[in-house]
Amino acid sequence: MSLWRVLVVEDESFYFSALEKFLKKDFEVTMVASMKEGLSALSQSRYDVGLIDLKLPDGSGLDLIDKAQKLQPHLVTIAMTGHGSPQMALQAVQKGAFHYLTKPFSLEELKHLVLKALRHHHLEKENHWYQRELKHKYQFENIIGQSPAMMDVFKLIEKISQSDSTILIRGESGTGKELIARAIHANSDRVSKPLVTVNCGALPEELLESELFGHVRGAFTGANVTRQGRFEVADQGTIFLDEVGDMSPRLQVKLLRVLQEQKFEPVGMSQSVDVNVRIIAATHQNLEQAVEEKHFREDLYYRLNVIPIVIPPLRDRLGDIPLLLAYFLEKFNTEKKKNVSGFSKEVKEVLGHSHWPGNVRELENLIERLVILKGEGEIAAKDLPAKYFSSSVIQGKQMFFLPPEGLDLPSVIASVENELIEQALARTGGNKNKAAQMLKLKRTTLVEKLKRKKTQKAFF
Ligand SMILES: Nc1ncnc2c1ncn2[C@@H]1O[C@H](COP(=O)(O)OP(=O)(O)OP(=O)(O)O)[C@@H](O)[C@H]1O
Ligand SMILES: [Mg+2]
């Protein structure tokens, strides 16, 4: 077990031995009796707490506090003064001592203060720890996570980046699929070559075809020049096919051929083009179901799904939230030149148990807005949009938080309603009949609510 390290600088023999005996029980203690020894101890090993007598035989404890802080910025110091020198105690605090003890003090009082100092120290250490650990352990490129699921994803990325295997990234919207595709490319041998991203869901079939494979002049009306496709641009590099589940059956065939033979024909050309491209595909769709329903080719599914990476929704890895909060807070403080110090306990509690239908993107956007609106100080419960108070799920159970200053019930209820309606519509692809069924509403009631919603001001 690693113990907290306490340095005691005390020349009075009574206190010296009493402190040594008492502190040894709980801490790793180094006892010295002069300023000189104190300085040499501080330059040799690291301490968590320094108990410093202000009157030392070879100098002032105030100077030692000063020097100690320069040598070990994380050291928490407690000054000990003889009674009748409140001025010096005050000066010590002004110099940065955490607190002071006036002699005679009880050992219990001392212990209480040291523990308090350690708690304080521990928090600072956590901050420091966050900065340091983040870089090594809980961050891959700029992907943050400490949940077992994300750690597995990091390990997997490390393992597979160097290979040329096709990767299929699955995850709800906003879970970081694109971020992961970038990290894989960045860690591959192809890093000096292009990473080309194509959103297959954003373009109609013909445009997507010429976007991906290029076309020759005159291939179709409007094709005035010969144009290289994205696959050619990505030669020797990586292509990221986002929303691959949205591809039309005809293009699925063409993509399959690229996967099998690294060959394709640009639109209007009979000769095929060879490329060496690594394919990373992503989708938020349930591809197995799409295969079953014959929207997605089974052979293509297997070709793409060589290495599957599944990013769980944020609600299933709530343990990542504290790190994400700290990360985005720092990011937006820097980007927006703001000085928000942190989040209150309640805010952490509420955000740490929210449902997050929009996953990390939703969290990121929320923190950006909160940082801009708040500007400085701590983000408190009243700064949070009401819906977060109502959509928290703890261990699968819906929880409702009443913020300390109360809330506006009608607006909370309205926002819960909006949220659930939006989710129902999203899940049914905008089908009002099915959405109404899911919500056990009459279709007319749902339509009525939607109308009202439109005329209402958006809540946040
Ligand atoms: N683990 C994470 N750490 C830090 N930022 C993240 C993380 N996951 C996602 N983000 C951020 O959240 C936002 C959404 O991520 P990204 O675009 O990669 O998601 P996506 O899964 O591709 O979403 P969509 O399916 O909607 O395209 C980005 O701004 C991204 O930087
Ligand atoms: Mg994306």
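**Close-up 1. The side chain of R190 meets the backbone of G237.** In this predicted model, the side chain of R190 comes to 2.9 Å from the backbone oxygen of G237. To find R190, look in the loop that runs between α7 and β11. Is R190 buried or exposed? With a relative accessibility of 8%, R190 is buried, because that value falls under the 20% cut-off.

**Close-up 2. L168 sits in strand β10.** This view stays with one residue of β10, a strand that covers residues 167–170. L168 has a relative accessible area of 0%, so it counts as buried. Now look across to I280: 112 residues separate it from L168 along the chain, yet their C-alpha atoms are 6.0 Å apart.

**Close-up 3. The largest nonpolar core brings together 31 residues.** Which elements supply at least two residues each? They are the strands β11 (195–199), β14 (238–242) and β17 (278–283), together with the helices α8 (205–213), α10 (249–261), α11 (287–292) and α12 (298–304). Helix α10 gives the largest share, with five residues. As a general background, nonpolar side chains in soluble globular proteins tend to be buried together.

**Close-up 4. Ligand 1 makes polar contacts with T175, G176 and R361.** Two of these contacts involve the protein backbone: a polar backbone atom of T175 is 3.3 Å from an oxygen atom of ligand 1, and a polar backbone atom of G176 is 3.1 Å from an oxygen atom of ligand 1. R361 takes part through its side chain, where a polar atom lies 2.8 Å from an oxygen atom of the ligand. How much of ligand 1 does the protein bury? On its own the ligand exposes 630 Å², and the protein buries 85% of that area.

Terms used:
Residues numbered from 1 in each chain as written. Chains lettered and ligands numbered in written order. Predicted model: local features only at pLDDT ≥ 70, side-chain atom pairs only at ≥ 80, totals over all residues. Heavy atoms only, no water. Polar contact = N/O pair within 3.5 Å; in protein donor to acceptor, adjacent residues only side chain to side chain. Areas by Shrake-Rupley, 256 points an atom, 1.4 Å probe, with all protein chains shown as cover. Core = buried A, V, L, I, M, F, W, Y, C linked by side-chain atoms within 4.5 Å. Buried < 20%, exposed > 50% of the residue type's maximum accessible area, 1.4 Å probe, protein only. Helix = DSSP H or I, 4+ residues; strand = E, 2+ residues; numbered from the N terminus.
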